[in-house]
Amino acid sequence: MNGINQFFHSITENYGHFFSWTDIVATLSDPVSWGIIASLILLEGLLSADNALVLAVMVRHLPPKQQKKALFYGIIGAYIFRFLAIGLGTFLVSFTAVKVLGGLYLIYIAYTGLFKSSEDDEVKNKPMSFWKTVLMVELMDIAFSIDSVVAAFGISSKVWVLFLGGILGVLMMRGVAQVFLKLIDRFPELEKTAFIMIAIIAVKMIIGAFGIEMSHVLFFAILIIVFVGTMILSSMRHKKNSN
């Protein structure tokens, strides 16, 4: 009974952070928090650029006004999912086994993205009713969100940092997907870089489960080196092939 009471107390406390003005101000005024949020937005953008196009195809059969509504409802669903997942996840990641399992899952995602090649499946756009389309968009948004949420817990356990990173990340996926697609088109290796970043987050998450904390400075430095280094190497390779 004490265990159940502790569980509900912890969950209530976690969700309470969403409505704490002190936590909001602390997050917005902390440069480290903004660095983590920026990392989450970048990761979400790189991973989700293609996903935004999938969602666009899913609603293409609807009239223009209904297309916007369906995608908007999808965003609402993605936010609700993140709200529920973050509140519950911040309790679960306090357990070593959950952190290790989360890290191993991210390693699997990174391995799949880096080494397993698969042919691109054409997205079939079968005509559906408006609300059935909304349901499919909601389910797709949740499916896209799972990897991002697990990766986010590898970076931080602060509720508002995770939520802001998720909110801005989803908006970026919908609003500037074309920017990331052009960036990936110019530097094709960036598509693989996103999975390298996930592997780094996985390592951070697993070693953190055993009390070995990677400093924020070191973590950000590694991400920046990997991201910028990828673009430099890609440019050099492109020039070499052009000559």
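## Buried residues and paired rings

Phenylalanine 220 is buried, with a relative accessible area of 18%, where buried means under 20% relative accessible area, exposed over 50% and partly exposed in between (1.4 Å probe, protein chains only). This is a predicted model, in which local features need pLDDT of at least 70, side-chain atom pairs count only at pLDDT 80 or more, and totals for chains, interfaces and linings use all residues. Residues are numbered from 1 along each chain as its sequence is written, and side-chain values use heavy atoms, with hydrogens and water left out.

Rings of Phe, Tyr and Trp (its six-membered ring) pair if their centres lie within 6.5 Å, and their planes count as stacked when under 30 degrees apart, as edge-to-face when over 60, and as tilted otherwise.

| Pair | Centre to centre | Angle between planes |
|---|---|---|
| Tyrosine 111 and phenylalanine 115 | 5.4 Å | 45° |
| Phenylalanine 219 and phenylalanine 220 | 5.9 Å | 50° |

Tyrosine 111 is partly exposed at 42% relative accessible area, and phenylalanine 115 is exposed at 60%, whereas phenylalanine 219 is buried at 0%.

Phenylalanine 219 also has lysine 204 lying over its face, at 5.5 Å from the ring centre; a charge sits over a ring if NZ of Lys or CZ of Arg is within 6 Å of the ring centre and within 35 degrees of the ring normal.

A nonpolar core is a set of buried Ala, Val, Leu, Ile, Met, Phe, Trp, Tyr and Cys residues joined through side-chain atoms within 4.5 Å. The largest one has 47 residues, of which Ile86, Leu106, Ile198, Ile201 and Phe219 touch the most other members.
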